[in-house]
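Subject: Structure for your study

Dear colleague,

Please find the structure below, together with its sequence.

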Amino acid sequence: MLATTYAIPDVLVFAAATLLILVGAIGVIAMKNPVHSALSLIMSLLGVAVAFLEQSADFLAAVEIIVYAGAIVVLFLFVIMFLGVDKSKHPHVEPLVGQRWFAGLGVAITVAGVVFLMANSHWVSGVPSTSTGGTALAPGSGNVTQLGDSVFTTYLLAFEATAGLLIIAVVGAVLLARRERTAEVDEATDDLEVIIDDWAPEETEEVDS
Amino acid sequence: MTIPASWFLILAALLFGIGAFGVLTRRSALIMFMCIELMLNAVNLTFVTFARTMSDIGGQTSVFFIMVVAAAEVTVGLGIVVAVFRRRASTSVDELSELQG
């Protein structure tokens, strides 16, 4: 029945994406080792990229792999290995009694509600928007140009705001993760500062609060 | 005929549910961040699906911005995790209870 209604390659690609996404997502929440969770997250994100490709969002699929799998998960792995949290030492502590069951119940109700909403709504039936005034999607693949046009014309203000957001995030992260200048500065930092002092003595004066 | 939008929407709903369940049950701050990423990706999937269904490029643009914000959020969040771990030697969110009333 499926083969007559939908093209077989489409169904196969969708099945592969579903398998990658769901198995990866369950792996993220089920694995004991945080490194395994991060690798499962990569698997799930690759599935999302496949689902993007299936819907002809080529650029977003590439960005998904580059930014998420290439940058964010690597950042996760770096922090896991930097902190040395190999196994989670608090596997099944429940601060509230029956928290797991309540969480499962709430999530099941939410997902069922969303699916019920979808089944009874008109906006999944594929009616093209006419009232929003948005740019129509080019048929088939190759809407990278269109996406670029949209980002740099309609959403230019938001795009510039993200530049400011990224600068603030970088400065904030550096400020948060920096070691505080207290008495217990370790030996390696001392050695490094001696080297820096020898090299450029006038640049090491810090005005720390 | 291509895959209908409802299949992708149900898939996104399941992914969001798994992410929400992880946030509610896991106690490690790192795993909770990963589950938040899962939920963000579920929303991205719905955005792309509606961009295709409604034939509007705005959905894909929104995904672009969500990715930028997610990257910034992870950067700051992991900075906070590192700073907390330096004081407490633990990433469990249950042990951060100084502010309880």
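Ser90(B) belongs to the segment after H3 of chain B. The helices (H or I, at least four residues) and strands (E, at least two) are DSSP runs, numbered from the N terminus.

Before going further, please note that this is a predicted model, in which local features need pLDDT of at least 70, side-chain atom pairs count only at pLDDT 80 or more, and totals for chains, interfaces and linings use all residues. Residues are numbered from 1 along each chain as its sequence is written, chains are lettered from A and ligands numbered from 1 in the order in which they are written, and side-chain values use heavy atoms, with hydrogens and water left out.

With neighbours within four places in sequence left aside, Ser90(B) is in contact with Val84(B), Phe85(B) and Glu95(B); contact means heavy atoms within 4.5 Å. A separation of 8.6 Å is found between the C-alpha atoms of Ser90(B) and Ser28(B), which are 62 residues apart along the chain.

**The two chains**

Chain B has three helices and zero strands, in the order α-α-α from the N terminus on. Of its 101 residues, 59% are buried. Among the contacts in chain B with a separation of 6 or more, 59% are made by residues 24 or more positions apart.

Chain A has eight helices and zero strands. Of its 209 residues, 30% count as buried. Residues 24 or more positions apart make 55% of the contacts in chain A with a separation of 6 or more.

How confident is the predictor in chain A? The mean pLDDT of chain A is 79, and 69% of its residues reach 70 or more; pLDDT is the predictor's confidence in each residue, from 0 to 100. Within chain A, the highest confidence is in H3(A), at a mean of 93, and the lowest is in H1(A), at 59.

**Where the chains meet**

The size of an interface is often given as the accessible area lost when the parts come together. Chain A and chain B bury about 7,100 Å² between them, and 77% of this is on carbon and sulfur atoms. Buried area is the accessible area (1.4 Å probe) that two parts lose on being put together, summed over both. The contact draws 86 residues from chain A and 72 residues from chain B.

Between chain A and chain B there are six residue pairs in polar contact (both at pLDDT 80 or more). On the side of chain A that touches chain B, H4(A) gives the most, with twelve residues. By class, that side of chain A has 58 nonpolar, 19 polar and nine charged residues. Here Ala, Val, Leu, Ile, Met, Phe, Trp, Tyr, Cys and Pro count as nonpolar, Asp, Glu, Lys and Arg as charged, and the others, Gly among them, as polar. A polar contact is a pair of N or O atoms within 3.5 Å; within protein, one must be able to donate a hydrogen and the other to accept it, and residues adjacent in sequence count only if both atoms are side-chain atoms.

Two residues touch both chains. Thr49(B), in helix H2 of chain B, is buried, with a relative accessible area of 0%. Not counting residues up to four places away in sequence, Thr49(B) touches Gln55(A), Ala5(B), Phe8(B) and Leu9(B).

Ser37(A), in helix H3 of chain A, is buried, with a relative accessible area of 0%. Leaving out residues up to four places away in sequence, Ser37(A) touches Gly27(A), Val28(A), Met31(A), Ile31(B) and Met34(B). A polar atom of the side chain of Ser37(A) lies 3.0 Å from the backbone oxygen of Val28(A).

**A point on the backbone**

Most residues other than glycine have a negative phi, and most peptide bonds are trans. Ser56(A), in the loop between H3 and H4 of chain A, has a positive phi, near 55 degrees. Ser56(A) counts as buried, at 17% relative accessibility.

Yours sincerely

Methods: Buried means under 20% relative accessible area, exposed over 50%, partly exposed in between (1.4 Å probe, protein chains only).
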